[in-house]
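Subject: Structure handover

Hello,

Here is the structure I promised to pass on. Please look through it first, then read the notes below.

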Amino acid sequence: MAKERTLRWRTLLTLALLICFAGLAAPLAAAPLAPASPTTLQAAFAAAAKEAGVPERVLLAVSYNVSRWEQHGGAPSTSGGYGVMHLRDLSALQHSDAKGDGQLHAAPPNLHDPNLSTLLMAAQLLHVSPELLKHDSTQNVRGGAALLASYEQELLGAKPANEADWYGAVARYSGSSAAVVALDFANNVYRTLQTGMARLTADGQQVALPAKAVQPNRSTASGLHLQQDAKAQLPECPPTVSCTFIPAAYQQDDPNDPTNYGNYDLANRETDGLAIRYVVIHDAETTYEGTIQTFQDPTSYVSAHYVIRSSDGQIAQMVATKNVAWHAGNWYVNMHAIGIEHEGYALQGATWYTEQMYQASAKLVHYLSGLYHFPLDRAHIIGHDDVPGPTPTYVPGMHWDPGPFWDWAHYMELLGAPIGATSDPSGHILTIHPHFQHNQPYVVTCDGSTPPVCTPLPAQPSNFVYLHTAPSTTAPYITDPYVTANPNDASNWTDKADTGQQFVQAGHQPGWDAIWYGGQIAWFYNPHNINADVRHGIVITPKAGLASISVYGRAYPEASAYPPNITPQSIVPIYTMNAGQQYVVSDKFKSDYYYANTYSPTLIGSDHVVVKGQTVYYQIFFNHRLGYVMASDVDVVPSH
């Protein structure tokens with residue numbers, strides 16, 4: 001999602017086979033001190049279920065579907081959920097400017113909604129501090145069990161031992177009042193009860209849920225009075241995926257202020273000439289249901305066009321593709337992009353990035369490329385971590401999902417556009433392409449303390465190569481003026497070149513290659529081209545006679561293109577490119593800007609205006625992120 005946590009947790013895929021049922025193992029990750037026994041969490045589920053009168057398997061299945069039984073080091077998800085039971089505290093939400101238009105979008109969420117503020121409700125049921133539930137996994141499980149029991153008591157007036165009769169309480173636990181979301185969550189929980197599950201968690205806990213046949217009693221959800229969508233819309237999805245339309249909120253939050261609204265902008269992008277040229281890949285840093293809840297809250301000021309579930313690749317479209325969703329944190333990119341959120345946590349990698357998710361996502365993107373005719377390459381199928389900051393103020397806070405453990409090579413293969421398919425040994429453009437499974441560099445995760453505490457993470461297949469100031473592993477990593485994080489921190493994009501990104505070769509030493517990267521020469525280990533493919537392409541350099549030129553984070557028009565009633569947007573450089581440097585061109589287009597700063601129930605008679613400019617920009621791979629340079633500032637040169 002377009003929000004990051006200061007502390008994230010990562011895992012390494014292993015396989016666990018338990019007697020009587022098949023289970024999936026989780027990647028191992030560094031975490032705070034684990035309980036002495038690897039069965040502590042399993043025992044906590046048994047004890048909490050007995051105490052609350054909840055079937056233990058139901059409690060386990062609910063927890064698996066909201067957290068994969070992970071505590072996440074006590075850090076909240078982007079939807080404010082804590083711990084293995086994902087108990088929500090909306091005061092923990094950190095609203096980010098996903099629209100990225102330079103305006104402040106902020107309003108307090110509804111902290112009194114008991115369906116959403118479940119942490120406080122669970123603490124009240126147990127007569128304990130909410131802080132205890134945040135950081136103690138055993139108490140967190142007790143809180144989740146108490147909530148489920150209270151929901152069941154309200155619905156049925158009893159707490160039956162039959163697992164089938166807890167369907168309604170499970171649906172209530174989803175936190176959604178929309179039938180399509182709540183019942184889908186309950187159905188997923190009962191599928192988990194049917195199939196069973198087993199995992200080794202990031203903090204070393206072995207948790208098992210034996211498989212057992214159970215048919216849910218769906219009538220128990222009737223008392224929830226869930227909302228049916230009276231204006232059901234057909235999703236824009238290929239027929240080969242399971243897809244539904246669940247609308248994101250579009251609402252004016254302050255009746256006296258038409259500029260205070262969420263969570264997207266109406267548009268007619270295809271007919272108004274706002275070309276859709278990007279798909280932005282996100283990870284949500286929360287669950288599928290948590291992501292949908294966030295997008296349905298109009299005060300969250302964030303949305304994406306699609307959300308994809310980890311377990312089975314289920315897709316929820318939430319914003320029509322003709323409209324502009326708020327997801328990239330850069331209004332120019334949002335204008336031209338379709339955003340896709342993937343359920344999960346970046347630093348847990350393969351725990352959430354499942355094959356079902358990859359395949360459903362790739363089918364969706366391939367379908368959308370047929371509709372909107374954007375190229376299937378890494379200059380147009382980008383991560384949130386490829387999106388540039390629109391202005392210098394934004395650059396330090398730009399996000400880094402889907403992170404170092406998203407398998408770009410496999411994803412592009414599924415799209416039918418494998419990286420490295422057109423290599424040419426005589427060229428001087430290097431496409432970053434490490435072998436994903438064999439590429440397992442040293443990575444840490446750092447917390448938000450001062451100074452930060454950084455924890456080494458076990459090796460896991462990764463999509464990047466480290467960049468150094470000289471051809472040696474002992475040489476310092478390259479730096480960026482906007483970033484001060486530990487160079488090995490997974491969130492630090494400064495010194496990492498990702499799979500599929502392209503750069504001009506700037507030097508060669510035995511076993512090492514140098515590239516122009518972010519205004520400097522950066523070296524990466526590349527014996528026999530094991531980490532890069534070589535090819536030709538279009539290259540630009542500052543125009544002859546210029547000592548330097550500006551690199552921009554957005555491609556806005558010249559001031560003269562704006563009508564009198566619209567204030568021209570500033571064109572502010574974020575980096576400088578000096579004479580002699582060279583970068584790979586990945587697109588070329590004229591400037592534009594979509595003026596859409598107020599709420600409007602329809603586009604008819606609204607002040608939503610597309611401003612077309614004459615300034616031509618080249619899109620380049622500048623550093624880890626894309627950049628834009630004016631065509632008038634550069635010369636096109638041979639790539640060899």
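Start with helix α1 (residues 40-52) and helix α2 (residues 56-67): their axes come within 9 Å and cross at roughly 125 degrees. That angle makes α1 oblique to α2. The cut-offs are these: under 35 degrees counts as roughly parallel, over 145 as roughly antiparallel, 65 to 115 as roughly perpendicular, and the rest as oblique. Axes are lines fitted to C-alpha atoms, for helices over the stretch in contact, and angles run from 0 to 180 degrees between N-to-C directions. Helices (H or I, at least four residues) and strands (E, at least two) are DSSP runs, numbered from the N terminus.

Before going further, a word on the source. This is a predicted model, where local features need pLDDT of at least 70 and side-chain atom pairs count only at pLDDT 80 or more, while totals for chains, interfaces and linings use all residues. Residues are numbered from 1 along each chain as its sequence is written, and side-chain values use heavy atoms, with hydrogens and water left out.

The crossing of α1 and α2 is right-handed. A crossing is right-handed if the near helix is turned clockwise from the far one by less than a right angle, and left-handed if anticlockwise. Which residues in α1 and α2 meet? From α1 come Q42, F45, A46, A48 and A49; from α2 come E56, L59, L60 and S63. Contact means heavy atoms within 4.5 Å. The residues of this contact divide into 6 nonpolar, 2 polar and 1 charged. Here Ala, Val, Leu, Ile, Met, Phe, Trp, Tyr, Cys and Pro count as nonpolar, Asp, Glu, Lys and Arg as charged, and the others, Gly among them, as polar.

There is another helix pair to look at. Helix α3 (residues 118-126) and helix α5 (residues 137-156) pack at an angle of about 90 degrees, with axes 9 Å apart. The two are therefore roughly perpendicular to each other. T118, M121, A122, L125 and L126 in α3 meet a set of residues in α5, including R142, A146, L147 and Y151.

Now the strands. An open sheet of 5 strands has the order β24-β23-β22-β17-β25, and the pairing is antiparallel. Two strands pair if DSSP finds at least two bridges between them. β24 and β25 stand at the edges with a single partner strand each, so one side of each is left without a neighbour in the sheet. From one strand to the next, the twist averages 45 degrees. Strand β17 (residues 429-432) pairs with β25 over 4 bridges, in the antiparallel sense. I429 stands opposite R535 in β25.

Strand β29 (residues 583-595) is mostly covered, with 10 of its 13 residues buried. Buried means under 20% relative accessible area, exposed over 50%, and partly exposed in between (1.4 Å probe, protein chains only). Strand β26 (residues 539-542) pairs with β29 in the antiparallel sense over 2 bridges. V539 has V584 in β29 as its bridge partner. Strand β30 (residues 609-621) also runs antiparallel to β29, and 9 bridges join them. D587 stands opposite Q619 in β30.

A few backbone details remain. Most residues other than glycine have a negative phi, and most peptide bonds are trans. The peptide bond from D401 to P402 is cis, with omega near 5 degrees. P402 sits in the loop between β16 (381-383) and α12 (408-414). G403 lies in that loop between β16 and α12 too. Is G403 buried or exposed? G403 is buried, with a relative accessible area of 4%. G403 touches A346, D385 and N463, not counting residues up to four places away in sequence. G403 and H384 are 19 residues apart in sequence and 8.7 Å apart in space, C-alpha to C-alpha.

The bond from T450 to P451 is also cis, with omega near -5 degrees. P451 is in the loop between β18 (443-446) and β19 (454-457).

Two histidines have a positive phi. For H373 phi is near 65 degrees, and for H528 about 55 degrees. H373 is in the loop between α11 (355-372) and β16, and is exposed, with a relative accessible area of 67%. H528 lies in the loop between β24 (520-525) and β25 (532-535). H528 is exposed, with a relative accessible area of 81%.

Best wishes
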